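Subject: Structure handover

Hello,

Please find the structure below, with notes on its contacts after it.

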Amino acid sequence: MTINGRPAVAATGIAGAVAVLAAGCGIGGTGVLSAGESDTTMTITPATGTRAVKPDAVIEVKASGGKLAKVTVQGNKGSAVTGRLTGGHKTWRSTRTMTPGATYTVTAQAKSGGKLRTVTSAFTTLTPAQTLSITDVTPNLPGEKVGVGMPIILQFDRPVADKAAVEKVLHVSPDKPVEGAWRWIGSQEVVYRTKTYWQPHQTVRFRADLAGVNAGGGVYGAADAAATMNVGAAQITTGDIGGHHMTVTRDGRKLRTIPFSAGNGETREFTTTSGVHLLMDKGNPVTMTSPGRQPGDPGYYQEVVDNAVRFSNSGEYVHSAPWSVGSQGSANVSHGCLNVSPANAEWFYGIAQRGDVLNLTGTDRQVEWDNGWSFWQLPFAKWKEGGALG
């Protein structure tokens, strides 16, 4: 999934305009008459020549003595400004925010008695001292297919003061609809998770109508963002840590049962976490060191492993461990990872998709919901409580 900018030229029609909520107030004035001979009077707000218009202000066109036939808004940069006709085609109002630091031209046409009149207004929007941008959308690897548990994770370039205003303009549109919700992780990260897993083999589209949104504290959204996520097969792995085996399925069909050796449980640190994990990334090779220990400390280790697939932020991987093959399937001897044979590690590494589900049971150490991408550890009702829109 990659970030893509929205079109720079903004245009709207009449009845077919897409409605997007916007807030703010207009700046009064009358537009400039450019052509026409009807008796219709039209007023455009903001008036031509107005400067430093707030990006969340509403563009309004009013007609008397006739009906509005067409309204277009053209900007020199940023996102399309849409609008809606009301009052029997007497009034047109914009329905979304504008890009900061942009120049806009509004052209309005009205008819009366078969005659057409055209009025225009050109103005500029405020260039704020600070803007808000989305700096990363995860997943974001070109051509990537992800698993059915994959969240959408957004990172912003500064803390968001008005989270509700920003969350309101974030839109997720899967080909196969499913309920989902955003949850804020601090002030610069927000995560979208579904109530149930995505249906496999589909496209999910993300859109942020962020340009011009008042994010609080004098900060306005700098630009829109859009991205596409491709969901692949439903690859779900279940494993019993006490039973030393995990079974991998794809779209409901069993692919392989793999013996493993999990954490030895001598300490909490060396106990493999139970719960619903997601595969996060993979590397070949990966250098692993003991967390919180320095060379010379008791229990310190540094090991280079092959075909490693990460499933938490606390150092847990499925990886190749030729040294523990004799224990795999019968005893837990690792420092917390799932040790598997070189052949099984290479196979699992080859099929692993970010966002694949790994559900482990059998220990008293539950993975925390915010440890890596273990968001499925929260019931959906609890997950939604972390959103800004109630």
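Predicted model: local features only at pLDDT ≥ 70, side-chain atom pairs only at ≥ 80, totals over all residues.

Residues are numbered from 1 along each chain as its sequence is written, and side-chain values use heavy atoms, with hydrogens and water left out.

Salt bridges

Arg 207 forms a salt bridge with Asp 209 at 3.0 Å, N to O, where a salt bridge is a side-chain nitrogen of Lys or Arg within 4 Å of a carboxyl oxygen of Asp or Glu. Asp 209 is buried, at 3% relative accessible area. Arg 207 and Asp 209 also belong to a network of salt bridges with Arg 96 and Asp 224. Over the whole structure, the search finds twelve salt bridges.

Glu 269 and Arg 293 meet in another, at 2.7 Å, N to O. This pair links distant parts of the chain, 24 residues apart: Glu 269 is in the loop between β22 (253-259) and β23 (275-278), and Arg 293 is in the loop between β25 (286-289) and β26 (302-305). Helices (H or I, at least four residues) and strands (E, at least two) are DSSP runs, numbered from the N terminus. Glu 269 is partly exposed at 27%, and Arg 293 is partly exposed at 24%.

In the salt bridge between Arg 310 and Asp 281, the closest N and O atoms are 2.6 Å apart. Arg 310 is in strand β27 (residues 308-310) and Asp 281 in strand β24 (residues 281-283), so the pair ties together parts 29 residues apart in sequence. Arg 310 is buried at 17%, while Asp 281 is partly exposed at 29%.

Aromatic rings

There are nine aromatic pairs in the structure. Rings of Phe, Tyr and Trp (its six-membered ring) pair if their centres lie within 6.5 Å; planes under 30 degrees apart count as stacked, over 60 as edge-to-face and the rest as tilted. Phe 156 and Trp 184 are stacked, because their ring centres are 5.9 Å apart and their planes are at 20°. Phe 156 lies in strand β12 (residues 152-156) and Trp 184 in strand β14 (residues 180-184), and both residues are buried.

Tyr 197 and Trp 376 are edge-to-face, with centres 4.6 Å apart and planes at 70°. The two are 179 residues apart in sequence; Tyr 197 is partly exposed at 28% and Trp 376 is buried at 13%. Ring pairs also link Trp 182, Tyr 192, Trp 198 and Phe 206 into a cluster.

Arg 183 lies over the face of Trp 369, at 4.7 Å from the ring centre. The charged end of Arg 183 also sits over the ring of Trp 383, 5.8 Å from its centre. A charge sits over a ring if NZ of Lys or CZ of Arg is within 6 Å of the ring centre and within 35 degrees of the ring normal.

One further contact

Pro 379 is in the loop between β30 and α3 and is exposed, at 51%.

Regards

Definitions and conventions
Buried < 20%, exposed > 50% of the residue type's maximum accessible area, 1.4 Å probe, protein only.
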